[in-house]
Amino acid sequence: MLTQDNIEFPSKYLSCYESVLMTLLKVQGIHDEAALFGTQAYFVFTPEPMGIAPRFNRVDEEWQRLYGYQLEVLPIADETALQLALNRSLALDTAVCLPVDIFALPHTMHYQQLHQHHYVNIFGQENGRYYLVCPYYRFQGWVETALIHDGFFSPVVAAKGANLITLPAVERPLLTDETIVNLIEQNCRYMLNLDSPAALAGVAPHLLGLAGLQTFAIAFQHMADTPDSATTYKRDYINLSRHLTAVGHSRYWFQQLLAERGAALFDPDFLEVLAVQFTAVIQAWKSLGLQLGMGVHGQRVAILQRVAAGIQTMVEQETRLFNTLLGALPTYEQGTL
């Protein structure tokens, strides 16, 4: 029987999907968050529909690439299939991840207000109730079966796939110094548009890395200059506010990985300088996400204009950051890059 009184929530620097996957790992005793989330620091701009992404691989794809982790994804057709699949997993002491419509979750501010795809964990089942763990909103407790079923069998979930997700037993994500150097170099080269990920081979170069960030900055400035911008682009702005914060989170985890493993690669004085640059970038991305949310909900054009200017400043900050980091690599000094 899975224990339910000592569940450890993961870091807050994660999306809802990442947080439920990390919770599945914590059940197994794996807590290496930096090694799991700090391997990518990228930027991808999507014009239609408007969006940005901080990684070239989804986190589950990156785990498979580096560590061989393979999620098990089971499509669920109806309530009977969901009940059977949950019973089977929980009987094996395997916690699960479920997509749900946040509209059905009373512990969130969006209950009965907003239809949006969200993820939760299920740890137990008894007497017509599920033990729900929602690490993103820091909630855990028993809820009625109908609540989960309503959230799972929602058009919002069906549009992306009504699946039950589990993660079989895996090993700790061990990274060698050579792998760390390769990951740092790869991230820098991708961000500086010196190379591009194979996973994004079909994407136009001006949408990737710093070029993508510059393209996004121009597009956002055009949006902010549009009359009635807060109304015209309200949904775009709401989505982008979360995306901006997610970019900051990716930088946070990349810095954490460097802080944990960088002592063997870099001079201590350089690591201090690098930490200052990263801290400034992380805080700036998070601030822009918060300001954008305030600007669109308050329909305050001045705030939207400040966000637009801030995004342009991020082009300069990130250019300096990734150039600095690439130039400090031991392989760069040896002339092998």
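Trainee: Among contacts in the protein chain between residues at least 6 apart in sequence, what percentage join residues at least 24 apart?

Mentor: The share is 68%, where contact means heavy atoms within 4.5 Å. Please note that this is a predicted model, in which local features need pLDDT of at least 70 and side-chain atom pairs count only at pLDDT 80 or more, while totals for chains, interfaces and linings use all residues. Residues are numbered from 1 along each chain as its sequence is written, and side-chain values use heavy atoms, with hydrogens and water left out.

Trainee: What makes the protein chain as compact as a globular protein of its length?

Mentor: The secondary structure comes to 13 helices and eight strands, these being DSSP runs numbered from the N terminus (helices: H or I, at least four residues; strands: E, at least two). The radius of gyration, taken over C-alpha atoms, is set against the globule rule, 2.2 Å times the number of residues to the power 0.38. For 337 residues the rule gives 20 Å and the chain has 21 Å, which is close, so the chain is as compact as a globular protein of that length.

Trainee: Why are H11 and H12 called roughly antiparallel?

Mentor: Helix H11 (residues 268–297) and helix H12 (residues 301–328) pack at an angle of about 160°. Angles under 35 degrees count as roughly parallel, over 145 as roughly antiparallel, 65 to 115 as roughly perpendicular and the rest as oblique. H11 and H12 are therefore roughly antiparallel.

Trainee: Why is Asp93 counted as partly exposed?

Mentor: Buried means under 20% relative accessible area, exposed over 50%, and partly exposed in between (1.4 Å probe, protein chains only). Asp93 has 36% relative accessibility, and therefore counts as partly exposed. Asp93 lies in the loop between helix H4 (79–91) and strand E4 (96–101), and its phi is near 60°, a positive value in a residue other than glycine.

Trainee: What is the omega of the peptide bond from Glu48 to Pro49, and is the bond cis or trans?

Mentor: Omega is near -10°, and the bond is cis. Pro49 is found in the loop between strand E1 (44–46) and strand E2 (51–53).

Note on methods: Axes fitted to C-alpha atoms, helices over the stretch in contact; angles between N-to-C directions.
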